[in-house]
Every structure is written in C-alpha cells, then in structure tokens.
Amino acid sequence: MATFYDRIAENRRNSILLALVVVGLLGMLGLFIGWAVAGDPAAAIPSMVLAVVVGTIASLVSYYAGSSLVLRVSGAREVDEQSAPQLMNVVREMTIAANVPMPKVYLIDDTAPNAFATGRDPKHASLAITTGLLQKLDREELQGVMAHELSHVRNFDIRFSVMVGVLVGSIAMLADFFLRFTFWGGGGGSRNRDRGGGGGLQVIVLIVAILLAILAPIVARLVQMAVSREREYLADAAGVELTRNPYGLQRALAKIALDPEPLEVANRATQHLYFENPMKKLGGTSALFSTHPPTLERINRLRALGGQSPLTDIAQALRS
Amino acid sequence: MELIVILVIIAVVVGGLVLLYNGLVTKRNRVDEAWAQIEVQLKRRHDLIPNLVQAVKGYMGFEQDVLTRVTEARANAVSAGAQGPQQQAQAENMLTGALRSLFAVVENYPELKANQNVLQLQEELTTTENQISFSRQHYNATVNDYNTSIQTVPSVFIAGPFGFTRREFFDAPPEAEAVPSVDLSLG
C-alpha cells in the first residue's frame, strides 16, 4: 500500500516531468521554426534558446503580480479574528501542522461553497473562501479544505501553475506568430530554398514546423490540465497528512460536489485555482481538458490511502 | 611542508568539530522553540478553563463532580508545568479527558448549547487543543531529530563533553483514554 509520503513524492515527480515536457515542447517549436526560417539546424539553436529563455523569464516575472489581481477579480475581502473567529482558528491550526506562516484570509460573498489559495510562496500566501463554504461545512470539513489549500501553498503549487500557464501561453503565441508569418508574411523558407541548401529536407523541416505549430499548443494545454489534476491529488493527500483525519476532507469534497450552485465569480481564467472545479454547471469540458479530477476519484484515492474500499457514489462519502 | 600538512589537518578537524557543534545547537534550539510554542498554547488553555467553569456553573447544579474534575485536572496540569514534558503531557491528557466529559454534559442542556459565551469558549478550547496536538507532532519530530543526532556518529563524540542531553517527548494520549467516558443517561 502506498503511504502518504510515497504518494506525495510520486505526484511531485510527475508534476516536474510534465513541466519538463512543456519546456521541451517550447524548445522544439523554437528549434524547428528557426530551422525552417533560417534553413539550417545550427542557425536554429539561438532561436530555440531564445524561445525557452523568453518563455521562462515571462513566467518568472508573472508570479509577482498574480495574486492581488486574482483576489480583486474575485471580489474578496480580508477577514480577521474578530470577523471570522472559527475560520481564523482553523487556518491557524493548519499553519501549525504545515509549519508555514499565517496567510492572509479572504472571504468571497458567494453562496456556492468553494475556496482557493494564491501567492507566490508561503510568506506571501492568501487563502480565499466563499461565505457558502463557511455556512455549509462543519468544523472538520472546513479543516480538511484549509489543509488542502495550505498544502498547495506549502508545495509551491501556485507558483508552479502560474509559471506553467505562462509557458503554455508562450507556446501558443510563438506558434501563432509562426503560422501567420509562414502563410501571410511571405516566408523565409522559400528564400532559403532559392539559395540552394537542403531542398527536400528543407520542405520536410517546414512541414514539421507547421505541424508542431498547430499541435504544440494543444498538447501543451493537455499537459497543463494534467499538471493541474496531479496537483489536486497531491494537495488532497498532503492535506490529510496534516489533519490526520481523512473523513473531513472526503465529506467536504462530496458536499461541495453535490451542492447545486455554481460559483458566479469564477471564470475560465481562475477555475484551476479553486478547491473543486467551480465551472461544473457550465458544462462542455471533457475529462482531458478539465482542471480538476472527478470528485469520486479524489475521494476514492483518499480512501485507498487509508486502506478503505472505493465508493461507487459520491453521496456515500457524506455518511463517513 | 610537513608543518603545512599538520596545520591543514588541524584546521580540518577543528572546522569539522565547529560544524558539528553548531549543528547540534541549531537542533537543540529548534526543540526549545517548538516547546515554547506548546507552552504558549497550554497556558492559553489553562487561562480559558476558569471562564468556562464560571459560565456553566449556574446551569450545572447536578454535575458538580464534572466541574470539580475539570478544575482539579487544570490545577494538576498547571503544577505539572515545572516537571518536564513527560509529566506535563500526562496531566494535560487528564485535563483533555475531563474537558471532553464536560462538553458531553453540556450537550444535555439546550440553554447552554445556545449560549454565545459558552459556544465561543468551546471554539477557543477546541482550537487550542488542536493547536496543541499539531504542535506536539512538530515538537516530537524535532526531539526525535535532535536525540538521533546526539546518539549517532559523529556528533555523539561531542554531545557528551559539551553537555547535550536527551530530550523527552510530549506524548500523545493513548487511544483508549482519548474516548470520553460519560454517562449520558441523564433525564
């Protein structure tokens, strides 16, 4: 049986692997575009390096600005010990268990129960929860959710997801730029063919570059969503490791999944941040493009960690 | 030439000893820091309990023995503070048990369950107890790390001469004692 620590280590490895795939894609796209434009692989190396460096720098810069913007977009207001004593107490308990500094805590006026964490590292972390969550969950369940969110903070998930997001964005931009340039810009490729050079090989390279430019953004998006789902499993496992009580989190997951109200302040840009997918009522997202794993699967993975048999229906978790 | 070799060897040995010593001091400070954190919370709990007893006294004419047990357990816990983590942990576990009985009895009094003051005290005591148990995990981990260091090579050679001694764990209550045993067959 896999222990918490095994599961956490495994998830972390997977996430790093997936991030490397995204960086690799960016580099490959840069290489082939450079090759197709300049006409020889050696000349394409700078363009590959440029693509990776620019993408990485852009993602590094972005996490400094992100969190306050997200909180403002979501209409969150900061609370303290006086205005939300139990919430602050529960968060403080979890910071002691996780050995992280006390984050800022925000409330969002929305009856749909949900929560998210943001901030680039544990010292600059903020937790935001909806008023619906506070009303609908009991203390144990609230503790489970806060442990999940603080695990995101402790694992540097927020920084990670912002950076992967920007890398994916860079891929899309580079691919888009190249495709426009090739079809409407009157391309470097033909100019190079006139000079002699590779001939047949050059055509193949151009085709590979075009194919990559079309496929890379899609693959990158799939990888990003897979990273996001892996991180949710990791935060669930780490959260239970903090509370030492798997039932609170399981019940919270079930309660939120079964709650009929969609979260009004969430949108496609902020959905990956939340405790559970807030977009459930908007429909249309398949499993591959979903930012969150299915709730039943999350519950059953938690049950597997505690050596319990899987459930077939989310509602069963409410009785545990 | 030989002199230089000898000097280098001496420098390496002394440098190594300094690093080991500093490492042990760091670990011991972590233990002290973790213990200080627990003490703050224990003190908070001891301070909250008289308020709670005061708040429920009027309603609880029939369960004087429950209140007495809580008060006595608190007094024991306060005086156990000077006797080290092991004794303190035992006294605190008794107190936790007594408090659980008290809250179980509170369940039988609808007015008490609706009393804002009692609810607030109950929340404060719950969070303090949780904080103690999470701090205890952290404290025991630092003690384990420190104790292992002073017993293993190479630190063991300097632990004795420089007075690094073993620290006690702050023990969790055994499962059997953690379950409140309260007679709920009250009218």
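Predicted model: local features only at pLDDT ≥ 70, side-chain atom pairs only at ≥ 80, totals over all residues.

Colleague: How many residues of strand 4 of chain A are buried overall?

Modeller: Five of its five, so I'd call the strand mostly covered, with a residue counted as buried when 20 or more other C-beta atoms lie within 10 Å of its own C-beta.

Colleague: Which helix lies across strand 4 of chain A?

Modeller: Helix 6 of chain A, residues 139–154. Helix 6 lies across strand 3 as well as strand 4, and runs at about 25° to strand 3.

Colleague: And the sheet itself? What is the strand order in chain A?

Modeller: The order is 1-2-4-3, in an open sheet of four strands. Pairing is mixed.

Colleague: Why is one side of strand 1 and of strand 3 in chain A left without a neighbour in the sheet?

Modeller: Both stand at the edges. Strand 1 (76–78) and strand 3 (115–118) of chain A each have a single partner strand, so one side of each has no neighbour in the sheet. From one strand to the next, the twist averages 25°.

Colleague: Back to strand 4 of chain A. Is its pairing with strand 2 parallel or antiparallel?

Modeller: Parallel. Five bridges join strand 2 (residues 104–108) to strand 4 (residues 126–130) in chain A. Val105(A) has Leu127(A) as its bridge partner. Leu107(A) is partnered by Ile129(A).

Colleague: How many bridges link strand 3 to strand 4 in chain A?

Modeller: Four, in the antiparallel sense. Phe116(A) in this case has Ala128(A) as its bridge partner in strand 4 of chain A.

Colleague: Now helix 6 of chain A again. At what angle does helix 6 cross helix 9 of chain A?

Modeller: Roughly 120°, with the axes coming within 8 Å. Helix 9 of chain A covers residues 200–243. The two helices are therefore oblique to each other. Their crossing is right-handed.

Colleague: Which residues of helix 6 and helix 9 in chain A meet there?

Modeller: From helix 6 of chain A, Gln143(A), Gly144(A), Ala147(A), His148(A), Ser151(A) and His152(A). From helix 9 of chain A, Ala235(A), Asp236(A), Ala238(A), Gly239(A), Leu242(A) and Thr243(A). By class, this contact has four nonpolar, seven polar and one charged.

Colleague: Switching topic: the other chain. How many residues does each of chain A and chain B give to the contact?

Modeller: Eight from chain A and eight from chain B. On the chain A side, three are nonpolar, three polar and two charged.

Colleague: Which helices of chain A and chain B have axes within 8 Å?

Modeller: Helix 4 (residues 85–98) of chain A and helix 5 (residues 116–151) of chain B, crossing at roughly 10°. They are therefore roughly parallel to each other.

Colleague: Last one. What does the secondary structure of chain A come to?

Modeller: 11 helices and four strands. Buried residues make up 48% of the 320 in chain A. Of the chain A contacts with a separation of 6 or more, 72% come from residues 24 or more positions apart.

How values were computed
Residues numbered from 1 in each chain as written. Chains lettered and ligands numbered in written order. Pairing = 2+ DSSP bridges. Axes fitted to C-alpha atoms, helices over the stretch in contact; angles between N-to-C directions. Contact = placed C-beta atoms within 7 Å. Buried ≥ 20, exposed ≤ 12 C-beta atoms within 10 Å, placed from the backbone. Nonpolar A, V, L, I, M, F, W, Y, C, P; charged D, E, K, R; others polar. Parallel < 35°, antiparallel > 145°, perpendicular 65-115°, else oblique. Left-handed = near helix turned anticlockwise from the far one by under 90°.
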